[in-house]
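Visitor: Can you walk me through this one? I'd like to start with how the pieces pack.

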Amino acid sequence: METGRVVYKGQIEPLVKLIENTERRQLLEKVADRIRSGTSYQEVLSALLLAGVRNVQPRPSVGFKFHTVLVVNSCHLASLHGPDEDRWLPIFWALDYFKSAQADEARKSGWQMQAVDESRVPAPEKARSLFVDAMETWDVEQADVATAALVRSCGSNELFDLYANYAVRDFRSIGHKAIFLANAWRTLQVIEWQNAEPVLRSLTFAILNHEGDGNPAESDYEVDRPWRANEPLASEIPIDWQSGDLSGTVTRELIASMRQDSPVDVSKSAQQAIIDGVNPQSVWDAVFVSAGELLMRQPGIVGLHGLTTANAVHYLYQQTRDASLRKRLLLQACAFNPLFRGSAEGRGNLKQLSYSEWKEQSEDSTNELSELSENISRDKMKASLQVREYLNRGNNPYELIDEARRQVFLRGRNTHDYKYSSAVLEDFNSVSPEWRNDFLALSVFNLKGSGDSMSNLVDRTRDALQS
């Protein structure tokens, strides 16, 4: 008999249970058996996400073990764009990782998502106001039941705009709240919407995470200030703000500003550029390239999250129907970059190297993808300069992107390999042509090369599917 934990609707519950209850050393083979018996890709993807939502909580941080949920869409994107014969590799990697996260949660807390308290779920006409009140006051219990009522009564577009108002309002968990909204929403467009309620309850729980701080509604923490400051700035941007011209000069000025100025000052510079007639795409170019610059200056966990967060906020910006929210999201994306810079400085070893200085360096390159891939493993700085030269010679960037993705399939060993590569390889097309080659070259600092060690799950996955 089921306990009080949430139970999924439709035909997906048995497959979720299989993933939950099968030992890690047997899971890939058991899922492969189901696939051969007719279980679809969509069903496996759905069960993977829902198993993570039910068994792993976004506490004490929206990260760490919770990456088992955050990484699902990244693995899906990798699967869609990878070679047909290796389509299952990212998904099977994520299945194996889920067992690690599940065991970690069971050992530390024993937490599982419980069914919503139906006696407290508000009437549909009260759902929105109660949800907004709960999110503004950081009331977890009220927000949970209001979420259930919202999902049952509101359309997906209205829900998305509501969540986008809160997923980027603070810098806690270095961008993972925005990443969760973007990735969960994208996955929900692929799987059946009928189980959106527990996914969004988990999202609500994540957004309200303020571990280590008092109630943010009653305080003035540094991580909350940019969002508040950006509201009046966004309101001053004119109605025709998206009709301006591209400006490489402004992009370069904003990159320099993100390297040295405060979050609010960067937002003000971006706002003024748009008021002066610069297209917001030039601001996004600065966001993406600046994030790449920070990763170059300090390869590792902070820098890579600057890029995955930029990817997530850009997705929210593209998807929302609310023009005022779109302006505020753009300004918040600008503010996040100096916040990431501050986090990187706190870790030390931040190279005194700017994007403009990197542009002045050169390196003999090659037209052979295999040689570039080897160099990515050996020397990231040298490889980034070679990739820039390779692209500037007119070589096909999509062949390089395909090769980079293939190496993640074969050598990806942690969630960030998939989250990062799916984000930056997608964002190559989100950057203006003038900046694309540089952006892709800077992404090398966290990509896999052919000299990295192979994942031990590659052969196991292939054997399981061929048995």
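Guide: What follows covers packing, aromatic pairs and a few backbone details.
Guide: This is a predicted model, where local features need pLDDT of at least 70, side-chain atom pairs count only at pLDDT 80 or more, and totals for chains, interfaces and linings use all residues. Residues are numbered from 1 along each chain as its sequence is written, and side-chain values use heavy atoms, with hydrogens and water left out.

Visitor: Which residues of helix H1 are buried?
Guide: In H1, residues 13-21, they are Glu13, Leu15, Val16, Leu18, Ile19 and Glu20. Buried means under 20% relative accessible area, exposed means over 50%, and partly exposed is in between, with a 1.4 Å probe and protein chains only. Helices are DSSP runs of H or I, at least four residues, numbered from the N terminus.

Visitor: And what do those buried residues pack against?
Guide: Three helices: H2 (24-36), H3 (41-55) and H6 (89-108). Contact here means heavy atoms within 4.5 Å.

Visitor: Which residues touch the most other members in the largest nonpolar core?
Guide: Leu95, Leu181 and Leu316, out of 160 residues in that core. A nonpolar core is a set of buried Ala, Val, Leu, Ile, Met, Phe, Trp, Tyr and Cys residues joined through side-chain atoms within 4.5 Å.

Visitor: What is Leu316 in contact with?
Guide: Phe160, Val168, Ala178, Leu181, Ala182 and Leu329, leaving aside neighbours within four places in sequence.

Visitor: Switching to rings. How many aromatic pairs are there?
Guide: The whole structure has 19. Rings of Phe, Tyr and Trp (its six-membered ring) pair if their centres lie within 6.5 Å; planes under 30 degrees apart count as stacked, over 60 as edge-to-face, the rest as tilted.
Guide: Take Tyr41 and Trp88: the centres are 5.4 Å apart and the planes at 55°, so this pair is tilted. Tyr41 is in H3 and Trp88 is in the loop between H5 (72-81) and H6, so the pair ties together parts 47 residues apart in sequence.

Visitor: Is Tyr41 buried or exposed? And Trp88, buried or exposed?
Guide: Tyr41 is buried, at 9% relative accessibility. Trp88 is buried as well, at 15%.
Guide: Phe66 and Phe180 form an edge-to-face pair, 5.0 Å centre to centre with 70° between the planes. That pair links distant parts of the chain, 114 residues apart: Phe66 sits in the loop between H3 and H4 (67-70), Phe180 in H10 (residues 176-188). Both Phe66 and Phe180 are buried.

Visitor: Which rings are linked into a cluster?
Guide: Trp241, Trp284, Phe288, Tyr317 and Phe439, through ring pairs.

Visitor: What lies over the face of Trp358?
Guide: Arg388, at 4.6 Å from the ring centre. Likewise, Arg436 lies over the face of Phe428, at 5.8 Å. A charge sits over a ring if NZ of Lys or CZ of Arg is within 6 Å of the ring centre and within 35 degrees of the ring normal.

Visitor: Backbone now. Where is the cis peptide bond?
Guide: Between Arg59 and Pro60, with omega about 5°. Pro60 lies in the loop between H3 and H4.

Visitor: What about phi of Trp138?
Guide: It is near 60°, a positive value in a residue other than glycine. Trp138 is in the loop between H7 (124-137) and H8 (140-153), and it is buried at 8% relative accessibility.
Guide: Ser173 has phi near 65°, also positive. Ser173 lies in the loop between H9 (156-167) and H10 and is buried, with a relative accessible area of 19%.

Note on methods. Helices (H or I, at least four residues) and strands (E, at least two) are DSSP runs, numbered from the N terminus.
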